[in-house]
Amino acid sequence: QPVVILSPAVGPIQGNIDAQTTSGLVQYVPTGVPGIPATPGCTVLSAMSQGEGHYCAQSAAESIQLRVAFLQSALSGVPKIMNPLP
């Protein structure tokens with residue numbers, strides 16, 4: 001969903017704040033949000049987690065992969081945010 005103060009971007013994103021700093025917001029949608037399909041990784045979580053926005057964003061496979069790739073890229077230089085969903 002649009003965020004008023006942010007412009008949408010397609011990854012990979014790297015050095016978008018300054019030459020050494022990368023930042024981004026990725027939205028994960030839990031199950032049960034009217035009119036918006038759930039993030040695929042959220043739909044396979046436990047019944048409690050898949051419908052709760054915080055657990056969905058923390059535990060979806062896409063979220064974990066995105067964080068691991070971001071932190072690994074930071075070890076080699078400027079961190080990079082990849083596309084969270086294929």
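The structure is a predicted model, in which local features need pLDDT of at least 70, side-chain atom pairs count only at pLDDT 80 or more, and totals for chains, interfaces and linings use all residues. Residues are numbered from 1 along each chain as its sequence is written, and side-chain values use heavy atoms, with hydrogens and water left out. The chain has four helices and two strands, arranged along the sequence as β-α-α-α-α-β. Helices (H or I, at least four residues) and strands (E, at least two) are DSSP runs, numbered from the N terminus.

**Overall form**

- The C-alpha trace spans about 40 × 30 × 20 Å along its principal axes.
- Of the 86 residues in the chain, 24% are buried; buried means under 20% relative accessible area, exposed means over 50%, and partly exposed lies in between (1.4 Å probe, protein chains only).
- The chain exposes about 5,900 Å², and carbon and sulfur atoms supply 62% of that area. Accessible areas come from the Shrake-Rupley method with a 1.4 Å probe, and for residues only the protein chains shown count as cover.
- Among contacts between residues at least 6 apart in sequence, 40% join residues at least 24 apart; a contact means heavy atoms within 4.5 Å.
- The peptide bond from G11 to P12 is cis, with omega near 5 degrees, and P12 is found in the segment before β1 (13-14).

**Nonpolar core**

- In soluble globular proteins, nonpolar side chains tend to be buried together.
- The largest nonpolar core here consists of seven residues: I13, Y28, C42, C56, A60, L66 and I81. Such a core is a set of buried Ala, Val, Leu, Ile, Met, Phe, Trp, Tyr and Cys residues joined through side-chain atoms within 4.5 Å.
- Y28, one of these core residues, is in contact with T39, C56, A57, E62, S63, L66 and P84, leaving aside neighbours within four places in sequence.

**Pockets**

- Grid points are joined across faces, edges and corners, and a volume is the space filled by probe spheres set on the points.
- The largest pocket has a volume of about 810 Å³. Its lining has 28 residues, of which P8, A9, L25, V26 and Q27 lie nearest its centre.
- That lining divides into 19 nonpolar, nine polar and no charged residues. Ala, Val, Leu, Ile, Met, Phe, Trp, Tyr, Cys and Pro count as nonpolar, Asp, Glu, Lys and Arg as charged, and the others, Gly among them, as polar.
- The second largest pocket holds about 160 Å³ of space and is lined by T22, S23, G24, L25, V26, L66, R67, F70 and I81.
- Helix α4 (residues 61-75) gives the largest share of this second lining, three residues.

**Selected residues**

- T21 is found in the loop between β1 and α1 (40-43) and is partly exposed, with a relative accessible area of 31%.
- Not counting residues up to four places away in sequence, T21 touches G15, N16 and V78. The C-alpha atoms of T21 and G32 are 35 Å apart, at a separation of 11 residues along the chain.
- S49 is found in helix α2 (residues 47-50) and counts as buried at 14% relative accessibility. Beyond its neighbours within four places in sequence, S49 is in contact with Y55 and C56.
- A57 is found in helix α3 (residues 53-59) and counts as partly exposed at 26% relative accessibility.
- Leaving aside neighbours within four places in sequence, A57 is in contact with Y28, S63 and R67. A57 and G15 are 42 residues apart in sequence and 24 Å apart in space, C-alpha to C-alpha.

Notes:
1 Å grid on protein atoms, 1.4 Å probe; cavity = no way out; pocket = protein on both sides within 12 Å on 5 of 7 lines; lining within 4 Å.
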